[in-house]
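The entries below follow the order in which I looked things up.

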Amino acid sequence: MDTNLIFTLGGIGLCGLGLFGFIYHCHLLRRLIAFNLIGNGTFLIMVGFAQRGQGVTDHVIQALVLTGIVVAVSATALALVLIRRWFHLKGSTQLPEDDAS
Amino acid sequence: MNWTDSLPLAVLMTSFLAATIIFMLPEQKHILRSTINLGAACIKIILIIFLIQAVLQQNYPEVRLEVLPGLDLILRADSLAILFAGLSSVLWLFTTLYAIGYLENSPNRSRFFGYFSLCVASTMGISLAGNLFTFLIFYELLTLSTYPLVVHRGNTASIKAGRTYLIYTLTGGVVLLLGVASLYALGGDIAFGDIERTAALVGTWPELMTIIFILLIAGLGVKAAIFPFHGWLPTAMVAPAPVSALLHAVAVVKAGAFGIVRVVYDIYGIELSWQQGLLYPIAIIASFTILYGSWRALQQIDIKKRLAFSTVSQVSYILLGISLFGPLGTIGGLVHLLHQGLMKVTLFFCAGNYAETLGIHKIHELDGVGQRMPFTSIAFTVGAMGMIGLPPVAGFISKWYLGMGALEANMGWVIFILIGSSLLNAAYFLPVLKRIWFNPQQGSWPHERVSNCRDAIPLLLIPALVTASLSIAAGLFASSILSPLGWAELITLREYLR
Amino acid sequence: MNLLIDLTLLTGILAIAATSLLSRSLFQSVIFFILLGLTLALGWIRLGAPDIALAEAAIGAGITGVLLLDTLGHLKKTGKLDKDEHRPSYPRLLLAILSSVTLVVLLLWAVFHQPTPAIQLHLLVEEALPDSGVSHQITAVLLNFRSYDTLLEVGVLVLAVLVGLALQTDQHQQDSLPGLPNPLLHACLTLLVPAMLITSMYLLWAGSDRPGGAFQAGAMLAAAFILLHLSGIKLSAQLSHRMMQFGLLLGFTVFLVVATSSVIGGRPLLAYPDGGAGLLILLIELALTLSIGLILLSLFTIANSPPLSSRSGGSNGH
Amino acid sequence: MIHSSLLLLTPILPLILAALSGTPKFKAHAGKLALIAVIPAFLLSLTHLGSNEISWIEMPALLMGSLWQIHPIANTFLLFTSVLWFFSALYAIGYLQADKRSSRFWILWLLTLSGNLGLLISADIISFYGFFAFMTFAGYGLVIHTGKKPALRAGRIYLVMAIIGEMLILTALFLGSAATGHTSIIAQDIASAIPESNHLNLILFCLFFGFGVKAGIPLMHLWLPLAHPVAPTPASAVLSGAMIKAGLFAWISLLPLGYLHSSAWGMMFISFGFLAAFGAGIVGILQQAPKAVLAYSSISQMGLMTVTLGCLFLKPDMTPIMLPLLAFFALHHALVKGALFLSVGINAQYKSIPPLLFQIGLFVPALSLIGLMGSGLQGKLLLKEGLYALQIPGIVTLVTFSALATTGLMFRFLWLLKGEREHSQPATQADSYMQMAWAGLLVVGLLATSLFGTGLESKNLIHYPMEYIGMLWVPVIGLACALWFVAHPLNVSIPQGDLVVLFEHRLRFPEQSNPTQANESTDNVALVDWKDKDQQPSPSASIEIFSRSHVAALLGVLLLVANLIVWLY
Amino acid sequence: MNMILSPIPWLLVIPLAGAVLTMLIPLNWRSPASMFGLLTQLLASLLLGYQVSQYGTQIYAMADWQAPLGIALRADGLATLFILMSSLVATACALYAHLYLNLTKRGHFWPLLWFLWASLNGIWLAADTFNLYVGLELLTFAAVGLVAFASDERSLEASIRYLYAALLGSMAYLLGVALLYGAQGTLAMDSLAETWHWGPTNQVAITLILGGLLLKTAVFPMHTWLPPAHGGALTPVSALLSALVIKASFYILLRFWVEFEVYRHLPSLSQLLGVLGAGAIIWGGWMALKQTHLKMVVAYSTVAQIGYISLMFPLLTAENSEASLMAYHGGILMLLAHAFAKAGMFLAAGNLIYCTGKPDLASLAGMSRYRPLNIFAFGLAGVSLMGLPPSGGFNAKWLLLQSSFLSGQWWWIVVLLIGSLLSAAYIFRVFAYTYQETEATDSFRRPPITIELIALCLSVASILLGFLSIWPVNVVSLPGPFMEAMP
């Protein structure tokens, strides 16, 4: 039971929670948060799992996670731009209910 | 590389290029368009003459293109190909001429003639195809290029008819595709005439090859309008007359029939098909279709519908001929391919003339039209006589050979089919002729077009007269070497001596 | 002891995440989300990844949180925030539970059957580090070994702004939010902003041999800019549009130019000339920091500004 | 060379003239063209008269290799055909003077003529069949020329019967040609090959009934008594005189006469022949229209010829002797019957003719037909002599007795003409064309023996007066009976076409409830109704109705019969 | 070979530089600059095509660091073909957009297009799993931007939907990559393939990657985001999205499938993909048949076509190596034909809508009279989509059929055939509308002939592919790691 494994498990939990939220929620903001949860979970898994395998601190994967975080924030920002536009046009915070995710 | 080798491609390209140019032309350039159309048609005929020469010298020009590994696109002019290509090219010329007259002052001519040329191009492709794959390609192309012609009028009826047409032909195409694909899966690329390969396959997988045969025939049978698959043909009658002529006389139904000829003769080989017992069912279905088509034709009151059902019946003559094992039956089937084309096109031209000049669509409106439009009526009479099978019109020649072929193949009962069909043909054509010639005119014509011609306008009349004369000539001079019969005999000779 | 901390953190993370997801109030969700980011930063430190911890705190929690909050505020202002939020349907709940449970089970299964990796990439990194021009592995990976990824990643950032700008359709938009006339904030800012700028510079500088780097520095810069923006000092309005754009693109452009120059010099793309790696990396990082700062700011302002109505756009076609 | 060109011209000249007469320029002179049209045929037959020479012309490119030839038997047929058509055309010029549709009539006339002449010179079955069909279908136009209701009905039945006949013929031709091993289409070869065919009986059946339609054998005769009265008189003349012989000619060319000895088929022919000879007599006597009587007379006479053919199945070796006799008898009948038909038209003009001449003109052909005068006497004697030589018991007696029927018919005919003169019709204008034609035909018919009988060993009856008396007793009995009937009228009449009436009613009935008909648009139906009430019924509607379902029914029966035969043999 | 002559870096640099440049220079300079870019890009693609077909697969080490540590680019036959395809289609769409959009829109369009193109080229060439992730994200953003670009409600909704789906997909992919890295310690595909071993970790990783990519490719039950996105975007964008963008994730999937020999170890997953494909064919076809808006028909058609392409997966598993090769060729050809045909069809559809001014089918009446050339273009594209000969679509279908026959998986034949009937049904339904003649007076706008010609060119290309199929088939069969991994 080392740190890497624990945080990997944490990542798994975050992913599970995030996926649940992403599917379950209709509200676009909530889904965005859920997405970010998945993202964070994934990052945790990336680092934790890789380091558990390598047995040492793995800088490569950390660099990748950095990239991932930046991408995630861009995605969030982009989504927010769209959501706000959507809200502005339709006054709604969710998409018309014709499908799930 | 002989220069004649590129001829098949050139034949195909004349129509393709014509189609492309016509599509590009603005709607108003009628004269230029007509010139291109007719010019292409004439060039094509000249090319075909060259091809005939080549084929007579036992030299079969061929063009090949590798499309996929082990799968070639082959254009090859053998004698059978020339038979069909010749018919199509000649009839194309006249149908074009007719169409120019028929569509005078109507909209959308650019579109019409473009697809028209495309349709002919695909017919050429069908006739010159050197293997089933190539055949399939052009066969489907034909479906596509005729659809816009069927729906050309754009009213609800024609769109509905177009849908029916598509449902039938595309389903047929799918079945055909299935057959062709499975054949290829079994034996790879089989060129037409390579019947030894098929024989080997049949030796290995007899049941499978029988199923494939059925698939192929069923797929092709849709276009050939054999019995359960004939439904599209009468509904497609809403198309303008030149299209009906084209559909019924040259392109579509013949493409199906021609395909069956190819499958039976050049894929399976006539002897093999006979030994496998594949021909007998075809004979039965064809016979049934012959009688059924005629029977339905009797019940129609619309001229074109009646002609359509007549086509259903007549095309099966070709199949019947194919299914009779023996040179005479083969000759009969092949020669009917041409004869029926000539005669049916004549009839449709005439029907179109009646509709266009006097607005006549129904049979009972024909009373006394012989006085008003004698030349058209003469042409119609010739066509009808041919359909009934009276000499010297071409129809008799085919019927004669079919009958002889049936006896040769020891299928005497076929004679009664022929006789019965002739009876029915007489039953539905003679009353029409009687109306035309002997009934007095009833009131005024439904919709008379003002013109100072006594008959239809020359552009409409001449093609009808020419094809009528051709159908007489084909019968009258049947024994000359370049007649359809002579050519069919040549093919048959080569087929059976192989 | 460490285990205990780890487990506590784990529990905390999961609990906060769950709260953030399931909380009735959206505001609460966002707050908990930010909290999660901070907790995660701790976790990253525990995982031996201070760089990520920094980035997580600055970007994951900070910028994302600000963006979310700002949007939330905007939604709140129009007052329709929770109105049309109806309970999701039952099948959807089922689907959600099912898929997340499947995912978790799969992941657990995968994690507990981890094989020993055949390749030890970190050894290769150690080996190649001297040639990379920097002494910090992460920076080496980001800007030398896998600089191509980074190039594309900056592209992603630029692209996000670009999309926002394209949607905005009109460059001279007025912000909907007025500046916060909060004197206290103003006072804080006078202290905070310079400090943040310095931190940012430091992070950038430190990146070559210890945790820190362009992204963290950029995030810090952005935070400063956003604070300024919120306090009414609008960078985007003051800079000319062209300048702003140039600033946004500076990092990417420099990166690209360096990359291309190596091709022209006969080397593979992005290969630094011998000995020039350190300098060039620094140059790129500098440009990147500025650009990232501006980009994140732009993302904030773009998201912040209401778009023009759709009628002005798309006059030509659908 | 000259023969070849004449052979060619024989069928083609009428065709060309038909095309010409369609043009406005020649429209007015179409009748004269019709006169010219027979000239090549006539010349051809004259040049071959009496010689045994066979001229032929081979056209390998035409149809499936055509062979046209003229041989002695055909020559006889060609001779009377051309003569009869010539005089009938002459007659028709007068007959149609007031007819607006004469143009159409002449075109059809020429077409029919072409067919009729062509079939006589065709040695291959394809041309033969072609010309035969041509004649049949063009002849339809002649039958319904008047466009009146009975004409249309007759035309309809004519057509239906003709088509059935055509199809039977075609079957026979298929099988016949197949019998030669698919090698030959020459009639002669086929005739000789038929006995070897597997389908011998089917072929004979088809030939017998197929051509029997034209030749008017019982059951197949239905159209004859209908068509003849309604057709224009000159058309009736050629129908009954010339075209009816086409059936006989076909039999002669295609039946395996001389190759096959078959008592069954012989008896079949003989029994049908006698049935025709006597049955037609009885039915004919009960007719009301003079032309109908003549039509039945034709059936009766054709019966005699059928009998002769039947005899040849019993005694094949006699064929070469009998055929010329038969041909001559046909010639006689054609000319005389033609004259009789023409006299129906002349009947109305009796006032313009000296009474004595008129009476002679009526009686001479009648007597000739009975066999008491002129060519009839000669023909009948020759025929009987031939039959004697066959040594088939009873035949000659029965043939002799058939004169009874003929007498009755002729009496009835003349009686009806007399009635017409007295009662109904107002006398019409004299017409020189008609009278000329009538007179010409009379003379030719009377002198046929001396003019055309060159090839036959003619007997001068003056040398055997007793024979003459021997021939006389039957007609005398017939006359006596007839007079008795005049005194005691029976008040029985059989409708024209006898059996067809039964068929028609039986077949027509379900037509009223034909759903397909009802389904046609309602305004259409209204149109038909209106037409029905008007003077012009919608004839084609009814013919379509007829054809639509009942041609098919007939077809079914036909196929059934054919299959039965196939199975039986 | 000299490094400077290799077109690979230029294939990435030019679009990226193009993106930067077009953002910076004034609006009215952007188009000419882009035109120049298009030209160079085409040249570079052709050069690459030439080099690869001459010298075989090329490996390009980024920043001169060899693969496990650095990032390698790999131009094998498959990648080259896709580069060429995207160059041609993107050029056509770009020219179209230049004529179709107004100045401002155009100004924003160019950088997005260049980013899109860069990401596509990056994905085609990538040989590194994480690099693929970044490429996918770049692609997603560019695509979402392009969708949202129409700035109306529909497109906005579509873009949000698209973004969410794409983000989820990317994240699943990333998770898979994380597991792979954890298990094997490398990200480069070559070294992954070398050290691959089928433990649970890798299986889960592949499942996750599969899921993510399926979502991004819009394979059947996860397709719902696609029709609104593709149907609601501006015409040239729709064309780009349908023709190229969805192909990217599919391409990655294919690479994984073959290079890691997934087909061999998880055959049931292959069958599952086939089933999903079948579902897509039928459902997509059916939905296309029910649409009332022209572009939605075309968009649903994409769903169905993806189904066709997915049918190659179960067929790849065939024991008969000839059959699997055929399936591979068929799938690639289908993909290629779909790219051209769908682009052509979208452009033609866009022209029609431009003419009528309304997006619905019913207002197309009389169109085939008014714009025959355009209808012709639409029809030609339709021919390929229906899989009717002569067309690339047909050849592809032919190969798939042959493959199904040879591998004995006959059930796919049924699906293929039903699918082509369905597609014929919905395409001809559109046709029927255009042929209708109504009394209403025609008030059509006339599009410039050039944009019609562009649509026509693409459609004709899809038809020509039917005659030239041998070339792409040969190119994708060039030897390389990918082909070695093929069964």
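**Chain C overall**

I began with chain C: 51% of its 318 residues count as buried. I kept in mind throughout that this is a predicted model. I then went through the secondary structure of chain C and got twelve helices and zero strands. Along the sequence the pattern reads α-α-α-α-α-α-α-α-α-α-α-α. I also looked at contacts in chain C between residues at least 6 apart in sequence, and 73% of those join residues at least 24 apart.

**Helix α2 of chain B**

Next I picked out α2(B), residues 30-56. Its 27 residues reach 39 Å from first C-alpha to last, close to the 39 Å expected at 1.5 Å a residue.

Which residues of α2(B) are buried? I noted Arg33(B), Asn37(B), Ala40(B), Ala41(B), Lys44(B), Leu47(B), Ile48(B), Leu51(B), Ala54(B) and Val55(B). I reminded myself that an α-helix has 3.6 residues a turn, so residues three or four places apart point the same way. The buried residues of α2(B) pack against α1 (7-24), α3 (79-102) and α4 (109-128) of chain B. After the helix comes Gln58(B), and I found its phi to be positive, near 60°.

**A helix pair in chain D**

I moved to α7 (residues 125-143) and α8 (residues 149-179) of chain D, whose axes come within 9 Å and cross at roughly 175°. That angle makes α7(D) roughly antiparallel to α8(D), because anything over 145 degrees is counted that way. On the α7(D) side, I listed Ile125(D), Tyr129(D), Ala133(D), Thr136(D), Tyr140(D) and Val143(D) as making the contact. From α8(D) the contributors include Ala151(D), Gly155(D), Tyr158(D), Leu159(D), Glu166(D), Ile169(D) and Ser177(D). By class, the residues of this contact between α7(D) and α8(D) come to 13 nonpolar, three polar and one charged.

**Where chain B meets chain D**

I turned to the interface and found 37 residues of chain B in contact with 38 residues of chain D. On the chain B side, the elements giving two or more residues are α13 (279-298), α18 (394-408), α19 (413-438) and α20 (458-476). Which element gives the largest share of that side? I put down α19(B), with 15 residues. The side of chain B that touches chain D has 24 nonpolar, ten polar and three charged residues.

**Where chain A meets chain C**

I did the exercise again for chains A and C: 68 residues of chain A are in contact with 78 residues of chain C. In chain A, α1 (3-24), α2 (28-54) and α3 (59-90) each supply at least two residues of the side touching chain C. The largest share of that side comes from α3(A), with 23 residues. I sorted this side by class and got 37 nonpolar, 26 polar and five charged residues.

**One residue in chain E**

Last, I clicked on Ile206(E), which is found in α8 of chain E, residues 200-217. Is Ile206(E) buried or exposed? I have Ile206(E) down as buried, because there are 21 C-beta neighbours inside 10 Å and the cut-off is 20 or more. Leaving aside neighbours within four places in sequence, I found Ile206(E) in contact with Gly176(E), Phe256(E), Val262(E) and Leu266(E). I also checked Leu273(E): it is 67 residues from Ile206(E) in sequence and 13 Å away in space, C-alpha to C-alpha.

Methods
Residues numbered from 1 in each chain as written. Chains lettered and ligands numbered in written order. Predicted model: local features only at pLDDT ≥ 70, side-chain atom pairs only at ≥ 80, totals over all residues. Helix = DSSP H or I, 4+ residues; strand = E, 2+ residues; numbered from the N terminus. Buried ≥ 20, exposed ≤ 12 C-beta atoms within 10 Å, placed from the backbone. Contact = placed C-beta atoms within 7 Å. Expected span 1.5 Å × (residues − 1). Axes fitted to C-alpha atoms, helices over the stretch in contact; angles between N-to-C directions. Parallel < 35°, antiparallel > 145°, perpendicular 65-115°, else oblique. Nonpolar A, V, L, I, M, F, W, Y, C, P; charged D, E, K, R; others polar.
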